[in-house]
Amino acid sequence: MPPMCNNMRRLPLLRHVSMFTTRNLCCLHHRLLACSFAILPGPRCVSTAVIQHVQDLSGPEQRLLSRLYEGLIGGQRASLAESITLVETQHPRKKELAQVLLQRVLAYRREKEKSNGGRPLAFRVGLSGPPGAGKSSFIEVVGKMLTGRGHKLSVLTVDPSSCTTGGSLMGDKTRMTELSRDMNAFIRPSPTSGTLGGVTRTTNEAIVLCEGAGYDIVLVETVGVGQSEFAVADMVDMFVLLIPPAGGDELQVKGIIERADLVVVTKSDGDLVVPARRIQAEYTSALKLLRRQSKSWNPRVVRASSYTSEGIPEVWAKMESYRDTILSSGELQARRRAQQKVWMWSLIQESVLSHFQMHPAVREALPALEERVTRGAISPGLAADLLLKTFTTS
Ligand SMILES: Nc1nc2c(ncn2[C@@H]2O[C@H](COP(=O)(O)OP(=O)(O)OP(=O)(O)O)[C@@H](O)[C@H]2O)c(=O)[nH]1
Ligand SMILES: [Mg+2]
């Protein structure tokens with residue numbers, strides 16, 4: 001262990017997770033690795049550092065983490081649910097424990113991927129679309145088809161309205177009645193409080209846990225009315241946009257259409273077949289004008305009905321073909337690597353901004369400076385410089 005970490009040994013696990021010095025990060029890293037290797041079964045890392053660090057966890061904490069980890073990789077739904085609750089917690093100590101568990105699950109996943117010839121353990125798909133587009137109904141039908149074919153499927157939902165109102169733009173669970181009774185499916189709505197950044201962070205971590213628990217397909221549903229669909233697009237291998245044949249607000253899908261790997265026109269049944277065909281033609285032309293995201297894949301527009309199941313097997317076949325294409329071209333792995341970096345930076349941004357906003361000196365100076373900026377007495381640039389100076393010098 002590098003000498004600069006010695007002082008940090010006495011600090012409780014991850015206490016300094018929010019500090020940004022190299023020294024702290026170095027120690028944080030060592031602590032996470034040490035704890036994840038020492039307390040849980042798996043690769044051994046025998047060193048004095050391990051013994052030292054493991055003292056940071058109490059007996060009950062070690063037992064809790066061992067129980068969760070064993071249950072999770074054993075595929076127990078209750079352990080997966082409890083582990084996701086742990087990553088969702090706001091409690092500082094439990095947050096630290098969640099990170100230890102995650103590190104261990106990540107190490108387990110890496111081992112499994114290695115023995116899988118480097119192939120990812122799961123296919124992650126994001127599904128977004130305007131409210132009422134038919135997302136949950138689509139997931140219910142596709143989900144049943146997939147579990148029928150022997151897949152294990154988890155469905156995570158990101159509800160942007162939960163951040164402001166406590167819920168619920170999405171009436172998901174009620175519309176996935178059959179799937180929620182299926183033992184090979186696991187449905188989990190996003191927590192009903194916190195910031196979008198917080199909610200999407202826990203969704204990202206929940207994906208890792210689902211994969212550790214043996215779910216080979218992870219679907220993430222979100223309503224396309226804000227930023228949540230962009231956040232979801234950044235955490236999945238494939239991003240699918242669902243558009244209803246009528247009543248779909250063009251504006252709501254305008255920006256996000258560029259991120260779509262596949263567009264599904266939903267509800268293509270009965271009287272809606274004709275408008276569905278029209279929308280399919282419109283989106284097909286629109287997609288041709290957009291810059292391609294992938295070298296090896298052209299986004300397509302398909303139609304499907306969850307009522308009649310028409311088009312559903314074909315949609316899934318397209319999704320599999322996309323996965324195989326980007327897997328063999330190496331884009332899937334590259335996309336995941338890039339996402340890790342994007343995600344790290346978005347967490348840093350959020351954390352640094354919140355430190356800045358909570359800083360006592362900044363809070364004190366802010367009202368007067370804001371007032372002067374809005375009055376036009378000083379420029380926004382100068383006010384920002386003054387606040388940043390206050391932050392860095394005090
Ligand atoms: N005709 C027809 N109606 C459908 C189909 N799929 C869903 N619907 C109806 O569309 C409405 C919305 O369906 P949901 O599956 O809840 O849509 P959603 O996009 O998940 O909705 P939110 O999560 O609330 O944004 C319901 O009344 C469904 O019955 C379909 O294939 N055909
Ligand atoms: Mg829904």
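**Notes on the sheet and its helices**

1. T157 has P189 of β3 as its bridge partner. Strand β2 (residues 153–158) pairs with β3 in the parallel sense, over 5 bridges; two strands pair if DSSP finds at least two bridges between them. Strands here are DSSP runs (E, at least two residues), helices likewise (H or I, at least four), numbered from the N terminus.

2. Before going on: this is a predicted model, where local features need pLDDT of at least 70, side-chain atom pairs count only at pLDDT 80 or more, and totals for chains, interfaces and linings use all residues. Residues are numbered from 1 along each chain as its sequence is written, and chains are lettered from A and ligands numbered from 1 in the order in which they are written.

3. The open sheet has 7 strands with parallel pairing, in the order β3-β2-β4-β1-β5-β6-β7. At the edges sit β3 (185–189) and β7 (300–303), each pairing on one side only.

4. Now the helix pair: the axes of α6 (residues 135–148) and α13 (residues 312–328) come within 10 Å and cross at roughly 75°. Axes are lines fitted to C-alpha atoms, for helices over the stretch in contact, with angles from 0 to 180 degrees between N-to-C directions. So α6 is roughly perpendicular to α13 (65 to 115 degrees). V141, V142 and M145 of α6 meet I312, P313 and W316 of α13; contact needs C-beta atoms, placed from the backbone, within 7 Å.

5. E61 belongs to helix α3 (residues 59–73). E61 and L97 are 36 residues apart in sequence, yet 7.8 Å apart in space, C-alpha to C-alpha.

Notes. Angles under 35 degrees count as roughly parallel, over 145 as roughly antiparallel, 65 to 115 as roughly perpendicular and the rest as oblique. Two residues are in contact if their C-beta atoms, placed from the backbone, lie within 7 Å.
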